[in-house]
Each structure stands twice: as C-alpha cells, then as structure tokens.
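Hi,

Here is the structure I said I would pass on. Have a look at it first, and then read my notes below.

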Amino acid sequence: MVKSELINKIWENTSKSIEKVKIEYIINNSIKIIGNEIKEGHNVKIEGLGSFRTCYRKPYTGNDIKNGQTVKIPKTVYIRFTPSHKIKPE
C-alpha cells in the first residue's frame, strides 16, 4: 500500500465526510513528527501498529574484498520497527 491508497481507504472509511486534502495533511504531518522524533533518537510507539526505535552498530574492522585491505567501518545508526502483537501474522 502506498500513501495515496491509504488516503483513499481512510476517506472511504469516514463515509467520505472528510476532504482528502485534510486527510493527506494529517498523514504528512504525522510522518514528519514521527521522523523528527526518530532523528532525535527517541523511541516512538503507536498503539495497535508497533514501535520504532533507533539502534546503533558498533564500529568494526572489515575487509575490502577487491584488494584485500583492512577497512575501518564507522558506527552506523539504523531504525528498527517492531510490529504490535495485534498485527503480527500468525
């Protein structure tokens, strides 16, 4: 599902009483707020959907397979999503 499909589903579920532009505005702002919270390193939990959290990988030494040299790989930051037990497939 893409964002436009989500907007249409919400619009249909609200008996088409809310304008699609308003639904899109709410979704865009929700995504922006969640993204900003994650960028700041905060965990975000949405009841019934799941939680987003920032995780860190330690720096380590790897090997460049092209020339066989040792390469230092810096600390990396990634986002982990854990779905709510309410939506996990059985």
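To get you started: where is the place of Lys16? Lys16 sits in the loop between H1 and H2. (Helices here are DSSP runs of H or I with at least four residues, strands are DSSP runs of E with at least two, and both are numbered from the N terminus.)

Before the rest, some ground rules. This is a predicted model, so local features need pLDDT of at least 70, side-chain atom pairs count only at pLDDT 80 or more, and totals for chains, interfaces and linings use all residues. Residues are numbered from 1 along each chain as its sequence is written, and side-chain values use heavy atoms, with hydrogens and water left out.

Back to that loop. Lys16 has a phi near 60 degrees, a positive value in a residue other than glycine. Ser15 also lies in the loop between helix H1 (3-13) and H2, and its phi is near 60 degrees, again positive in a residue that is not glycine. Ser15 counts as exposed because its relative accessibility is 63%. (Buried means under 20% relative accessible area, exposed over 50%, and partly exposed in between, with a 1.4 Å probe and protein chains only.)

Now the sheet. It is an open sheet of three strands in the order S1-S2-S5, with antiparallel pairing. (Two strands pair if DSSP finds at least two bridges between them.) Strand S1 (44-46) and strand S5 (76-83) are the edge strands, each pairing on one side only. From one strand to the next the twist averages 25 degrees.

Strand by strand, S1 and S2 pair in the antiparallel sense over three bridges, and Lys45 stands opposite Ser51 in S2. The hairpin of S1 and S2 has three residues between the strands, and Gly48 there takes a positive phi near 90 degrees. Gly50 stands opposite Pro83 in S5, while Arg57 has Thr76 of S5 as its bridge partner.

Two other strands make a pair: strand S3 (residues 60-63) and strand S4 (residues 70-73) are antiparallel and share four bridges. Tyr60 stands opposite Ile73 in S4. S3 and S4 form a hairpin with six residues between them, and Gly68 in its turn has a positive phi of about 75 degrees.

What lies across S1, S2 and S5? That is helix H2 (residues 20-39), which runs at about 145 degrees to S1. (Axes are lines fitted to C-alpha atoms, for helices over the stretch in contact, and angles run from 0 to 180 degrees between N-to-C directions; contact means heavy atoms within 4.5 Å.)

Two residues of H2 are worth a look. Glu24 is found in this helix and counts as partly exposed because its relative accessibility is 37%. The C-alpha atoms of Glu24 and Ile7 are separated by 6.3 Å, although these residues are 17 residues apart along the chain. Ile26 lies in helix H2 too, and at 51% relative accessibility Ile26 counts as exposed.

Next, the largest pocket, which has a volume of about 190 Å³. (On a 1 Å grid over the protein atoms alone, a pocket is an open set of points where a 1.4 Å probe fits, with protein on both sides within 12 Å along at least five of seven lines; lining residues have an atom within 4 Å of a point.) Its lining is Leu6, Ile27, Ser30, Ile31, Ile34, Ile46, Leu49 and Phe52. H2 gives the most to that lining, with four residues.

Last, buried or exposed: which is Ser84? Ser84 counts as buried, because its relative accessibility is 11%. Ser84 is found in the segment after S5. Leaving aside neighbours within four places in sequence, Ser84 is in contact with Gly48, Leu49 and Gly50.

Best wishes

How values were computed: Grid points are joined across faces, edges and corners, and a volume is the space filled by probe spheres set on the points.
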